[in-house]
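Look at the sequence and the structure before reading on.

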Amino acid sequence: MRSYSEIDTIVKRSTKAKGFSWGVAEEIGKNIKQLELFGLPGIKHINQYFKIFNNEKFENCQSFNKSNRPQNFYCPIKLGLSFFDQSISIQDLNDIEIEKMAYPLIFLPFVSRSSEITGKRIFLKIDQKEFLLNFNQSIYSNYLSSEIVEKADVIKIQFLENKNNFSEEDWKELTKLSENTFVEETDELKQKTAGAGLTDND
Amino acid sequence: MQVPLRDPKIVMKLSRLGSFHQSKLSFLRSFLNEFKDWKYNRDLFDLNDRGYGVAIYSFSKDKKTYSLVCFANELKDEERSDRVIATKWDAAFALYDGIPSKIDIDRLSQNVPKQEVGRLSYKELTLSRANRSVRAFNYVVECLSKGIQPNTNELSKVGYLYRTTAVYGSGKFGLADRFRIKNRDEINGPFRLEMMLVYLVRQFTFDQVNHIAKHKNPKDAVELDLDICRNLGIGNSTGLGMAPFIVNHPSLLNNWILAKETALKKIREIEKVSDEEFKIFYNCLTKSLKNVTSWNTDSEYQKKKINNLINDLQNLINYLKDNIDKSNFYIFDKLYNWAEENLSEEGIEYLVSIMMEPYNEIIDPLISQMSSDEDISFNIPIDRTINDLREIIEKNYSDILKIDFSKNENNKKFWFISKNKEEPRIGDRFEDNGSELEQPTAIARDIKKLYETIFTLKNSLKIGKFLVRNNDLRHIVRRVFITEKYPYSEIQDNTIGSKLVPIDMLRLKLSFFGAVKFDPRSDKWLRICMFQGAPLPNELNSFNQYWIYN
């Protein structure tokens, strides 16, 4: 088994070897390591992408709109960096659609890290594959195979508002149960055991 | 009284970093303290008459065990090389997480002796190899087999029986990643398991000479005297690999230096030094004269530094006798201020190390702060502005900005990774091939380039927006924001200038390991000694913590 440290190092060097700067290479090393830690096939995807990287003219997007469409296909590295670097302002768009991206799984860690720095969960849909990105702590997904995703026609990104995913009723019931750990207080107990003064007018 | 931390622009200069010495903060000393109540055992010693075979040593406590698996191999003299290009060694070692099974030992026997071309697993924590000091090893075997102890003067010229030529950890060659072990209580300082490996290798070297001598002359052979064992350490040959490490791990570097600086600050702030504390300090100081005078090297560069240090120590002792009244307040602050005015950098840093000796209560809490979770500082703060970036550069890199990189002398060297060994090297940009594949270790030059790029940009421009068009500067933008949080994270010098002495960078790291007797063999590699004078494994539950000055 390759260690995650080896994965980080080899991907960083490979990315530099493909002509990206050292700073970008550092990002991709960390991202692919993260994909592998989450059980997603990062090495497989970056290796395949680098094989075709010089054959086609992949595009970047320096300014994001609600809907983004390239002439050819977006580069998941350049687009990922651009997305991550502008994520604090992009979140105001709430829902973003990106068409035509090569090897979109490489784009995913940038969105996951954006979830961390914006403090919002992000729902990412790559064609029919769904990912819930939880503050870069975990990924919940229906993509369980390790098949290579060479191209995506439509990618949807939704910044989710911070709200609880349980009802007020659930909360009240649990709160009531938790109160069973408290001691019923009598006047005498109040006088004898309270830490602060019972009146604060002195 | 409040004493400020020392200025990073002074402490982080290479000449100062290259004058650092071991101290109570050093990793090998904190390792011994951490494992002093662990049970040591030699679990297996299956060597043939000539000393080749397998041995296993362990430390265990409660349900945890760490096992050093040793493979001693036959090596022809012409095959023995300390250089990183070697492919065979006298012995190879792996530290196993737990108790290895027969299957594990078989697997390790196929891989550990191959080192970089073998494969390890997440069950192995560190990996190393070592070569005999042929002169010392054969001499000791010869003496013991004749029933006599070796001459200690002869042995002190070397100081060890084996020297390691590399110690690997943290995921290299399939070893366990650091995240798997970092939360263990006993691993609360950097390089702790590397230190354990080296320490147990030292014991293996004693057992091996005894074993060979015994089989050479079963009737008359004696075992190596324990006092002589204690005064032998483990050598290490260190090349350039360590130099980029300290550039590539800025927050870790910061935490090492910050611990040292915090200790110094707190000691200088001590109002009244007790008699007992002063006695410990003074004893270590006077005893260390013996250590320094037995520091052998052929390097003219190091000889000069040692002579300066010996003069400094004499001056320091005289100053203490004539000018320091123990009953006065803040005597360590007074002493430090005098040293800054009167001693060389070697002397100043030696004093700093010795001043730590009486103060466990200051040092011990700092040791657990010397590791670093580097992922925390990886993300660039994209919402900050160009004005923020510029202000940090002007504050933290003012000396760097004065360097003129249009002059060849300031741009002469480049760091690269060799293809055949994947090891760092340093070349001449104007003479050697490969500078187009330069590693990102020319921090000073890149800082200057970044500063010039942002000079005319709008103050309010967000970093995220700046990076969209300037990804070539991404690595250096990240560093600038790291230095904002970690003031001692950056070497305040030019790492590609013609005057660069790379061994200064090695010495910085080795001093934190606890190495002594730095012996430069060129400006690019050196030999050192570790654990010389240290207690033996079965003495760990009660040992003199000032052993390094004995």
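Is the crossing of α1(A) and α3(A) left-handed or right-handed? The crossing of these two helices is left-handed. The model is a predicted one, and every value in this report is computed from it.

Two packed helices are described by the angle between their axes and the distance between the axes.

| Helix pair | Angle between axes | Distance between axes |
|---|---|---|
| α1(A) and α2(A) | about 140° | 7 Å |
| α1(A) and α3(A) | roughly 15° | within 12 Å |

Helix α1 of chain A covers residues 4–17, and helix α2 of chain A covers residues 22–37. The crossing of α1(A) and α2(A) is right-handed. On the α1(A) side, the residues in contact include A:Y4, A:I7 and A:V11, and on the α2(A) side they include A:W22, A:A25 and A:I28. Sorted by class, the residues of this contact are eight nonpolar, two polar and seven charged.

Helix α3 of chain A covers residues 42–52. Since angles under 35 degrees count as roughly parallel, α1(A) and α3(A) are therefore roughly parallel to each other. Here A:I7, A:V11, A:S14 and A:T15 of α1(A) touch A:I43, A:I46 and A:F50 of α3(A). Five of the residues in this contact are nonpolar and two are polar, with no charged residue.

The size of an interface is often given as the accessible area lost when the parts come together. Chain B and chain A bury about 2400 Å² between them, and 50% of this area lies on carbon and sulfur atoms. In chain B, B:I382, B:V468 and B:R474 supply 22% of the area that the chain buries against chain A, more than any other three residues. The contact involves 32 residues from chain B and 27 residues from chain A.

**Salt bridges**

Side chains of opposite charge can pair when their charged atoms come close. Over all chains, the whole structure has 53 salt bridges. Five salt bridges are found across the interface of chain B and chain A. B:R119 and A:E6 meet in a salt bridge, at 2.7 Å from N to O.

Within chain B, B:R16 forms a salt bridge with B:E349, with the closest N and O atoms 2.8 Å apart. This pair links distant parts of the chain: B:R16 lies in helix α2 (residues 14–17) of chain B and B:E349 in helix α14 (residues 345–355) of chain B, 333 residues apart.

Key
Residues numbered from 1 in each chain as written. Chains lettered and ligands numbered in written order. Predicted model: local features only at pLDDT ≥ 70, side-chain atom pairs only at ≥ 80, totals over all residues. Heavy atoms only, no water. Axes fitted to C-alpha atoms, helices over the stretch in contact; angles between N-to-C directions. Helix = DSSP H or I, 4+ residues; strand = E, 2+ residues; numbered from the N terminus. Left-handed = near helix turned anticlockwise from the far one by under 90°. Contact = heavy atoms within 4.5 Å. Nonpolar A, V, L, I, M, F, W, Y, C, P; charged D, E, K, R; others polar. Buried area = accessible area lost by both parts, 1.4 Å probe. Salt bridge = Lys/Arg side-chain N within 4 Å of Asp/Glu carboxyl O. Parallel < 35°, antiparallel > 145°, perpendicular 65-115°, else oblique.
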